[in-house]
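Subject: Structure handover

Hello,

Here is the structure you asked for, with notes on what turned up in it below. Please read them with the model open.

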Amino acid sequence: MNFEWFMKAMGASHSSYHAVAFVERALKDAGFRTLDERKPYRLEAGKSYYVKRNDSSLIAFCIPKTKPMKFLVASAHSDSPTFRVKPNPDMEKKNLLALNVEGYGGMIIPSWLDRPLSIAGRVVVETEQGIESRLLDIDHDLCVIPNVAIHMNRDINSGYAYKQGVDTIPFFGNKGDVYSNFMDWIKESLHDDSVKNVLSHDLYLYVRETPRLFGLEDEFLLSPRLDDLSSAFSVLDGFLSAKGENAIAVYSLFDNEEVGSLTRQGANSTFLRETLSRIAASLFDEKDALSIMAANGFHLSVDNAHANHPNHPELSDPTTDVRLGGGIVLKYNAAQHYTTDGYSAAVVKRICSLTNLPYQEFTNRSDMRGGSTLGNISNSEISFASADIGIPQLAMHSAVETCAKSDVEAMAAFTRAYFERA
């Protein structure tokens, strides 16, 4: 795995839109051809393609020359918990300029306070050609969400309940003549003379922390958005390096997992099913081609997993021992919040055995509810034998999270083996 490329990808992806843009550039560099959902697909055996939806989700696929009737899918998600900038967000707080924001996903709120923050995402503009989108990333320490001093909040270390909309408002300047309003400031920040007007935006806060290695031998990775971009980019590395010929390999990157996936571009949308249906219809005459290819196929739902916390081993299941540096993680849940079952676990374990790759197994403590992810959600639209796997990490949904470098590399190696051997 090219870890320098991986670190560049993590550092450049300050929003789901920027993550997809980075993936798109990597696919183009690898010779993938772009498709437009609004037009018919004309696909050829031996070629590779990708299609985007909403600029924040993407599906790429490789068609072998043999055109096998089987899909192998690996999915991750492009979004992470953050704060979304509201429409008309201008606020004034005691002569300070502030922004009205709301929580997106279940973040650990205190981890966002007293850090330099900025804004990234998508801006929808009016030009002479009509409505167009622009990516925006303010590469500047722009704002901060300040804590209340302990002298004024003696309960801060005793389980203080942060109130969104009160404790989580960022400020970014003093009131004065330099700044008029947010929309005008965004237009100026685009530095694009073709933009007549900013019509709307999908903008989010991001922490200005850059990905970095740490530890005695630089064995650990500290970075924002490890959940789930570390999976997204390691899976992409494995997908692009694989040389499989026994299936149509599919890489899918969905937005909005952190808020339930029930969007046009989420895993609970028609995006995957419609894309696979169009592939099957374009390549095969069989009426039931899609159903046959799904029944013969497999889906890896790749989303990060909880490692045992070194300071709180009591939070882990007594028979679970998931460690940083221990390899990829197979995730199980009796309520099927994860899709792994006896058969799909065996498929993953066999690939690990054939390639001498380490794996670990995770279950939640029986009295603690876990989260759900992409596999069972996407199965509501198109059903596959499926396993949920992930990179083990600490501090999931913190503004900055921790994992092991070797586990990122193991995920890339496993994904490559999956596309070549499953």
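Predicted model: local features only at pLDDT ≥ 70, side-chain atom pairs only at ≥ 80, totals over all residues.

Aspartate 228 sits in helix H4. As background, most peptide bonds are trans, and most residues other than glycine have a negative phi.

Two residues stand out for phi. Serine 261 has a phi near 75°, which is positive although the residue is not a glycine. Serine 261 belongs to the loop that runs between strand S13 (248–254) and helix H5 (271–283). Its relative accessible area is 0%, so serine 261 is buried. Histidine 397, also not a glycine, has a positive phi of about 75°. The loop holding histidine 397 lies between strand S19 (392–394) and strand S20 (401–404). Histidine 397 has a relative accessibility of 18%; the cut-off for buried is under 20%, so histidine 397 counts as buried.

Now the overall picture. The protein has 9 helices and 20 strands. Its C-alpha trace spans about 65 × 60 × 40 Å along the principal axes. The radius of gyration is 22 Å, and a compact globule of 422 residues would have a value near 22 Å, so the two agree. Of the 422 residues, 53% count as buried. Among contacts with a separation of 6 or more, 76% are between residues 24 or more positions apart.

Next, helix packing. Two packed helices are described by the angle between their axes and the distance between the axes.

H4 comes up again here. Helix H1 (residues 3–12) packs against helix H4 (residues 226–241) at an angle of about 140°, and their axes are 10 Å apart. The cut-off for roughly antiparallel is over 145 degrees, so H1 and H4 are oblique to each other. Their crossing is right-handed. On the H1 side, the contact uses Trp5, Phe6, Ala9 and Met10; on the H4 side, it uses Leu226, Leu229, Ser230, Phe233, Ser234, Leu236 and Asp237. By class, those residues are 8 nonpolar, 2 polar and 1 charged.

H1 also packs with helix H2 (residues 16–29): the axes come within 8 Å and cross at roughly 145°. H1 contributes Trp5, Lys8, Ala9 and Ala12 to this contact, and H2 contributes His18, Phe22 and Ala26. The residues in the contact of H1 with H2 are 5 nonpolar, 1 polar and 1 charged. Trp5 and Ala9 of H1 take part in the contact with H4 and in the contact with H2.

Helix H7 (residues 342–355) and helix H9 cross at roughly 105°, and their axes come within 10 Å. H7 is therefore roughly perpendicular to H9. Val348, Ile351, Cys352, Leu354 and Thr355 of H7 meet Phe414, Ala417, Tyr418 and Arg421 of H9. The contact of H7 with H9 comprises 7 nonpolar, 1 polar and 1 charged residues.

Two residues of H9 are worth a look, starting with phenylalanine 419. Helix H9 covers residues 405–421 and includes phenylalanine 419. With a relative accessibility of 3%, phenylalanine 419 counts as buried. Which residues does phenylalanine 419 contact, leaving aside its neighbours within four places in sequence? They are Leu72, Ala74, Phe239, Ala242, Gly244, Asn246, Ala249 and Val250. The C-alpha atoms of phenylalanine 419 and glycine 244 are 5.7 Å apart, although the two residues are 175 residues apart in sequence.

The other is valine 408, also in helix H9. Valine 408 has a relative accessibility of 0% and counts as buried. Beyond its neighbours within four places in sequence, valine 408 is in contact with Met1, Phe3, Phe6, Ser234, Ile391 and Cys403. One of these, methionine 1, is 407 residues from valine 408 along the chain, with 9.0 Å between their C-alpha atoms. Phe6 and Ser234, both in contact with valine 408, also belong to the contact of H1 with H4.

Regards

How values were computed:
Residues numbered from 1 in each chain as written. Heavy atoms only, no water. Axes fitted to C-alpha atoms, helices over the stretch in contact; angles between N-to-C directions. Helix = DSSP H or I, 4+ residues; strand = E, 2+ residues; numbered from the N terminus. Parallel < 35°, antiparallel > 145°, perpendicular 65-115°, else oblique. Left-handed = near helix turned anticlockwise from the far one by under 90°. Contact = heavy atoms within 4.5 Å. Nonpolar A, V, L, I, M, F, W, Y, C, P; charged D, E, K, R; others polar. Buried < 20%, exposed > 50% of the residue type's maximum accessible area, 1.4 Å probe, protein only. Rg over C-alpha atoms; globule rule 2.2 N^0.38 Å.
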